[in-house]
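Morning, everyone. Please have a look at the model on the screen, and then we'll go through it together.

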Amino acid sequence: MSLITRANAFDPFSLDLWDPFQGYPFGSSGGSLFPRIPSDSETAAFAGARIDWKETPEAHVFKADVPGLKKEEAKVEVEDGNVLQISGERSKEREEKNDRWHRVERSSGRFLRRFRLPENAKAEQIKASMENGVLTITVPKEEAKRPDVKPVQITG
(Lines give C-alpha, C1' and ligand atoms only; values in the text may rest on other atoms or scores of the structure.)
Protein backbone atom coordinates (compact mmCIF):
# COMPACT_ATOMS: atom_id res chain seq x y z
CA MET A 1 0.00 0.00 0.00
CA SER A 2 1.21 3.44 -0.79
CA LEU A 3 0.12 7.00 -0.89
CA ILE A 4 -0.14 8.86 -4.16
CA THR A 5 1.99 11.67 -2.74
CA ARG A 6 3.75 11.06 0.57
CA ALA A 7 4.14 14.80 1.25
CA ASN A 8 0.36 15.14 1.51
CA ALA A 9 -0.27 12.12 3.76
CA PHE A 10 -1.26 14.15 6.81
CA ASP A 11 -2.54 17.30 5.10
CA PRO A 12 -6.26 17.57 5.98
CA PHE A 13 -6.87 19.86 3.00
CA SER A 14 -5.23 17.62 0.43
CA LEU A 15 -7.44 16.18 -2.30
CA ASP A 16 -4.99 13.37 -3.00
CA LEU A 17 -6.54 9.94 -2.57
CA TRP A 18 -5.03 6.98 -0.81
CA ASP A 19 -5.68 3.81 -2.79
CA PRO A 20 -5.54 0.70 -0.59
CA PHE A 21 -5.91 -1.53 -3.68
CA GLN A 22 -3.07 0.02 -5.66
CA GLY A 23 -0.86 -2.70 -7.12
CA TYR A 24 -3.47 -5.47 -6.94
CA PRO A 25 -4.96 -6.81 -10.19
CA PHE A 26 -8.51 -6.01 -9.03
CA GLY A 27 -7.60 -2.59 -7.63
CA SER A 28 -9.07 0.72 -8.67
CA SER A 29 -5.98 1.67 -10.66
CA GLY A 30 -6.21 -0.90 -13.40
CA GLY A 31 -8.66 -3.73 -12.92
CA SER A 32 -11.95 -4.04 -14.74
CA LEU A 33 -13.97 -4.96 -11.62
CA PHE A 34 -13.55 -1.55 -9.99
CA PRO A 35 -13.10 1.24 -12.52
CA ARG A 36 -10.88 4.09 -11.49
CA ILE A 37 -12.75 7.04 -10.01
CA PRO A 38 -11.34 10.32 -11.31
CA SER A 39 -9.80 12.53 -8.64
CA ASP A 40 -9.56 15.53 -10.94
CA SER A 41 -10.86 18.74 -9.35
CA GLU A 42 -12.81 19.42 -12.55
CA THR A 43 -15.14 16.52 -11.80
CA ALA A 44 -15.45 16.93 -8.07
CA ALA A 45 -15.48 20.25 -6.33
CA PHE A 46 -17.73 22.84 -7.94
CA ALA A 47 -20.69 20.52 -8.39
CA GLY A 48 -22.16 21.30 -5.00
CA ALA A 49 -22.66 25.06 -5.08
CA ARG A 50 -23.91 26.14 -1.63
CA ILE A 51 -27.38 27.68 -1.75
CA ASP A 52 -29.55 29.12 1.02
CA TRP A 53 -33.33 29.37 0.64
CA LYS A 54 -35.33 31.57 2.97
CA GLU A 55 -38.96 32.63 2.91
CA THR A 56 -40.00 36.14 3.85
CA PRO A 57 -43.58 37.42 4.00
CA GLU A 58 -43.15 38.81 0.47
CA ALA A 59 -40.87 36.33 -1.34
CA HIS A 60 -38.73 33.22 -1.49
CA VAL A 61 -35.06 34.28 -1.59
CA PHE A 62 -32.26 32.02 -2.84
CA LYS A 63 -28.60 32.96 -2.29
CA ALA A 64 -25.86 30.97 -4.01
CA ASP A 65 -22.17 31.32 -3.19
CA VAL A 66 -20.38 31.40 -6.54
CA PRO A 67 -17.11 33.27 -5.90
CA GLY A 68 -15.21 34.25 -9.01
CA LEU A 69 -18.13 33.49 -11.30
CA LYS A 70 -19.22 36.22 -13.71
CA LYS A 71 -22.92 36.85 -14.21
CA GLU A 72 -22.53 35.68 -17.82
CA GLU A 73 -21.33 32.28 -16.53
CA ALA A 74 -24.46 31.72 -14.39
CA LYS A 75 -27.92 30.77 -15.64
CA VAL A 76 -31.28 30.96 -13.85
CA GLU A 77 -34.26 29.22 -15.47
CA VAL A 78 -37.77 28.08 -14.59
CA GLU A 79 -38.85 24.68 -15.92
CA ASP A 80 -42.47 23.56 -16.16
CA GLY A 81 -43.58 26.72 -14.37
CA ASN A 82 -42.50 25.59 -10.91
CA VAL A 83 -38.92 24.25 -10.95
CA LEU A 84 -36.17 26.80 -10.37
CA GLN A 85 -32.92 25.72 -12.00
CA ILE A 86 -29.63 27.42 -11.14
CA SER A 87 -26.59 26.42 -13.17
CA GLY A 88 -23.23 27.67 -14.28
CA GLU A 89 -19.68 26.83 -15.16
CA ARG A 90 -16.35 28.11 -13.93
CA SER A 91 -13.60 27.57 -16.47
CA LYS A 92 -10.33 26.01 -15.46
CA GLU A 93 -7.45 28.48 -15.38
CA ARG A 94 -5.22 28.27 -18.43
CA GLU A 95 -1.94 26.59 -17.74
CA GLU A 96 1.17 28.07 -19.25
CA LYS A 97 4.01 25.77 -20.25
CA ASN A 98 6.43 27.26 -17.72
CA ASP A 99 3.97 27.32 -14.79
CA ARG A 100 4.61 25.09 -11.80
CA TRP A 101 1.57 24.55 -9.61
CA HIS A 102 2.13 23.84 -5.91
CA ARG A 103 -1.52 23.43 -4.97
CA VAL A 104 -4.88 23.61 -6.74
CA GLU A 105 -7.78 23.98 -4.30
CA ARG A 106 -10.13 26.34 -6.09
CA SER A 107 -12.80 24.43 -7.90
CA SER A 108 -13.80 24.56 -11.52
CA GLY A 109 -16.40 22.86 -13.61
CA ARG A 110 -20.18 22.86 -13.87
CA PHE A 111 -22.87 23.02 -11.24
CA LEU A 112 -26.62 22.52 -11.41
CA ARG A 113 -29.16 22.84 -8.61
CA ARG A 114 -32.94 22.48 -8.91
CA PHE A 115 -35.69 23.51 -6.48
CA ARG A 116 -39.42 22.83 -6.73
CA LEU A 117 -41.16 26.12 -6.03
CA PRO A 118 -44.21 26.18 -3.78
CA GLU A 119 -47.68 26.94 -5.16
CA ASN A 120 -47.61 30.53 -3.92
CA ALA A 121 -44.54 31.44 -6.03
CA LYS A 122 -44.95 33.94 -8.86
CA ALA A 123 -42.51 32.26 -11.25
CA GLU A 124 -43.13 34.80 -14.01
CA GLN A 125 -41.79 37.63 -11.78
CA ILE A 126 -38.44 36.13 -10.71
CA LYS A 127 -35.49 38.52 -10.44
CA ALA A 128 -31.80 37.66 -10.12
CA SER A 129 -28.73 39.73 -9.27
CA MET A 130 -25.05 39.07 -8.70
CA GLU A 131 -22.90 40.95 -6.21
CA ASN A 132 -19.57 40.08 -4.59
CA GLY A 133 -19.73 36.42 -5.63
CA VAL A 134 -23.29 35.90 -4.35
CA LEU A 135 -26.11 35.16 -6.79
CA THR A 136 -29.42 36.30 -5.27
CA ILE A 137 -32.69 35.08 -6.77
CA THR A 138 -35.95 36.58 -5.53
CA VAL A 139 -39.22 34.78 -6.25
CA PRO A 140 -42.21 36.94 -5.23
CA LYS A 141 -45.12 35.24 -3.46
CA GLU A 142 -48.83 35.61 -4.11
CA GLU A 143 -50.71 37.29 -1.31
CA ALA A 144 -52.42 34.87 0.98
CA LYS A 145 -56.07 34.70 0.05
CA ARG A 146 -58.26 35.96 2.83
CA PRO A 147 -61.47 34.07 3.27
CA ASP A 148 -64.55 35.90 2.12
CA VAL A 149 -66.56 36.24 5.31
CA LYS A 150 -70.21 37.23 5.13
CA PRO A 151 -72.17 37.84 8.29
CA VAL A 152 -75.30 35.79 8.77
CA GLN A 153 -78.18 37.41 10.55
CA ILE A 154 -79.54 35.45 13.46
CA THR A 155 -83.29 35.43 13.83
CA GLY A 156 -85.49 34.43 16.67
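Which residues form one aromatic cluster? They are W53, F62 and F115. Before the details, a word on the source: this is a predicted model, where local features need pLDDT of at least 70, side-chain atom pairs count only at pLDDT 80 or more, and totals for chains, interfaces and linings use all residues. Residues are numbered from 1 along each chain as its sequence is written, and side-chain values use heavy atoms, with hydrogens and water left out.

Now the rings. Rings of Phe, Tyr and Trp (its six-membered ring) pair if their centres lie within 6.5 Å; planes under 30 degrees apart are stacked, over 60 edge-to-face, the rest tilted. The whole structure has 3 aromatic pairs. One of them is W53 with F115, edge-to-face, at 5.9 Å centre to centre and 80° between the planes. W53 sits in strand β3 and F115 in strand β7, so this pair ties together parts 62 residues apart in sequence. Strands here are DSSP runs (E, at least two residues), numbered from the N terminus.

F62 also pairs with F115: tilted, 5.2 Å between centres, 50° between planes. F62 belongs to strand β4, 53 residues from F115.

Buried or exposed? Buried means under 20% relative accessible area, exposed over 50%, partly exposed in between (1.4 Å probe, protein chains only). F62 and F115 are both buried. W53 is partly exposed, at 38%.

Last, the sheet. Four strands make an open, antiparallel sheet, ordered β3-β4-β9-β8. Pairing takes at least two DSSP bridges between two strands. β3 and β8 are at the edges with a single partner strand each, so one side of each has no neighbour in the sheet.
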